[in-house]
Amino acid sequence: MTFKYNNVYLENTSTVTGPYEKNGPLGNFFDKSYDDLYCGNKTWEYAEVQLILDSIDLVLKKQNKTKNDIDLHISGDLLNQTVASNYASAQIKRPFLGVYSACASSVETLIIGANMIESNQIKNCLCTTSSHNNSAEKQFRYPVEYGGPKPITTTFTTTGGVAAYLGREKKGVRIESATIGIVNDYGIKDVFHMGAVMAPAAADTIYRHLKDLKRDINYYDMILTGDLGIYGKDILKDFMKEEYNIELNNHDDAACMIFNRDKQPVLAGGSGPACAPLVTYSYIFEKMKEKQISKVLLVATGALMNPSMTNEKEAIPSIAHAISLEAIK
Amino acid sequence: MDKKDYQKLVDKNTPKEKRLKNGIVAFFIGGFMGIIGQGLIDLYMNWFDISSKQASVFMIVTLIFVGCFLTCLGFFDKWVNFARCGLIVPITGFAHAMMSAALEYKKEGMVTGIGANMFKLAGSVIIFGVVSAYTFGLIRLLILGGSV
């Protein structure tokens with residue numbers, strides 16, 4: 001399922017992060033960073049709400065708009081019942097859609113928003129996504145202060161809130177087309193190897209995107225996957241070659257870009273719904289506005305993991321959504 | 001590509017853990033913990049003039065306190081991450097697991113938070129500790145002919 005858009009623009013973006021992202025290689029590209037993981041709040045969960053609220057404030061300020069100008073707010077995050085998004089939207093008080101496809105949520109929000117703008121149902125749309133290292137650790141893994149060692153394939157959930165303002169005004173970056181992913185299951189049960197879980201989903205979505213639009217992989221200056229991590233990146237490359245005979249040379253992975261793996265304790269790299277958009281809405285967005293990169297295929301990948309299902313020895317399904325971004329000529 | 005072939009592709013691209021290095025680190029730090037424990041027992045025996053059985057209880061309480069205290073100070077997780085089983089297998093690991101869970105759920109209330117979640121990680125240790133103590137106790141009594 002691939003759509004083409006004629007008149008949808010990613011007009012403005014904002015990024016808010018925690019301290020690890022700030023100290024990473026892209027630290028200077030983020031709009032705001034907290035040194036304290038509580039972000040001035042009392043709980044990890046509310047810190048994540050704060051990240052979304054801050055990103056919304058920032059993007060509205062850049063856009064010279066107020067909350068009341070927003071037609072629709074779409075948001076997704078990792079927490080149960082997507083609470084961070086729900087609690088943030090409770091303060092925005094605009095029509096709201098909450099979405100979940102784990103770490104692929106960011107592109108899902110963009111696709112829904114872009115489709116509704118293209119079909120003239122709404123004039124603009126605010127798409128937010130968040131993740132918080134500690135609230136995710138608490139929910140999916142172990143208590144934050146517990147130091148039990150993790151395998152080297154484990155990824156480190158990024159702390160961040162991102163907002164994108166979608167509209168019809170010709171500025172920022174153009175949203176050119178998008179592909180909705182299919183849920184894949186390749187039988188991987190290892191919760192500490194999400195790169196292996198998600199790589200086939202990314203490959204599948206990239207392949208179908210190229211097939212639907214009859215494009216060659218080299219049409220894009222860059223294929224940017226969400227959060228496969230350093231090992232998942234290699235798996236994707238091999239998988240694309242063996243399964244589809246596509247040579248993936250213009251590829252990078254947001255998980256490997258956001259942290260310095262040699263100096264930071266992040267094992268295989270970053271992850272979380274905020275990982276892909278933190279890189280895209282800051283670094284990539286800037287480079288595209290300056291026309292240094294002109295065509296990017298963002299493929300956000302999500303491991304649809306549930307602790308009960310994995311304890312019951314079920315494999316982890318995964319999904320990837322793709323969106324094609326083009327610099328404005 | 002079927003699931004089996006994919007698993008092979010994943011294995012090819014996944015590096016092995018450094019088991020030998022981890023094992024050596026755990027061996028020496030675990031051994032060092034043993035020395036500290038024995039030192040504390042000797043110390044308590046001399047100080048309080050008590051039997052080694054009583055002194056070992058004092059030693060365990062001390063190590064639990066230190067494990068909990070360092071966890072609360074916020075850096076014990078980094079030590080555990082480095083020492084691995086060297087700090088997890090001794091009683092410090094148990095204290096660390098209990099305390100980190102208690103800290104994590106403090107904000108969800110005394111009963112619904114700390115009470116309900118403190119044993120989240122360490123609960124299995126207690127359950128299977130009791131089950132195996134019972135099993136081996138029975139074996140000792142019935143097969144090896146130990147006294148009650």
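The model is predicted: local features need pLDDT of at least 70, side-chain atom pairs count only at pLDDT 80 or more, and totals for chains, interfaces and linings use all residues. Residues are numbered from 1 along each chain as its sequence is written, chains are lettered from A in the order in which they are written, and side-chain values use heavy atoms, with hydrogens and water left out.

**Domains of chain A**

- Chain A is assigned domain 1 (2-167) and domain 2 (177-327), with bounds taken from an automatic or database domain assignment.
- The C-alpha centres of these two domains of chain A are 18 Å apart.
- Contact, meaning heavy atoms within 4.5 Å, involves 53 residues of domain 1 of chain A and 51 residues of domain 2 of chain A.
- The two domains of chain A bury about 4400 Å² between them, 72% of it on carbon and sulfur atoms; buried area is the accessible area (1.4 Å probe) that two parts lose on being put together, summed over both.
- On the domain 1 side, Thr2(A), Cys103(A) and Thr155(A) lose the most area to domain 2 of chain A, together 14% of what that side buries.
- Between domain 1 and domain 2 of chain A there are 0 salt bridges, a salt bridge being a side-chain nitrogen of Lys or Arg within 4 Å of a carboxyl oxygen of Asp or Glu.

**Interface of chain A and chain B**

- The contact draws 33 residues from chain A and 29 residues from chain B.
- About 2600 Å² is buried between the chains, and carbon and sulfur atoms give 60% of that area.
- Within chain B, the most area is lost to chain A by Met1(B), Tyr6(B) and Glu104(B), together 26% of what that side buries.
- The interface has 2 salt bridges.
- A salt bridge joins the side chains of Asp238(A) and Lys12(B), at 2.9 Å from N to O.

**Largest pocket**

- The largest pocket has a volume of about 1200 Å³; a pocket is an open set of points on a 1 Å grid over the protein atoms alone where a 1.4 Å probe fits, with protein on both sides within 12 Å along at least five of seven lines, and lining residues have an atom within 4 Å of a point.
- Of its 36 lining residues, Lys150(A), Phe156(A), Pro265(A), Leu267(A) and Asn81(B) are the closest to the centre of the pocket.
- At least three lining residues come from each of domain 1 and domain 2 of chain A.

Conventions:
Points joined across faces, edges and corners; volume = space filled by probe spheres on them.
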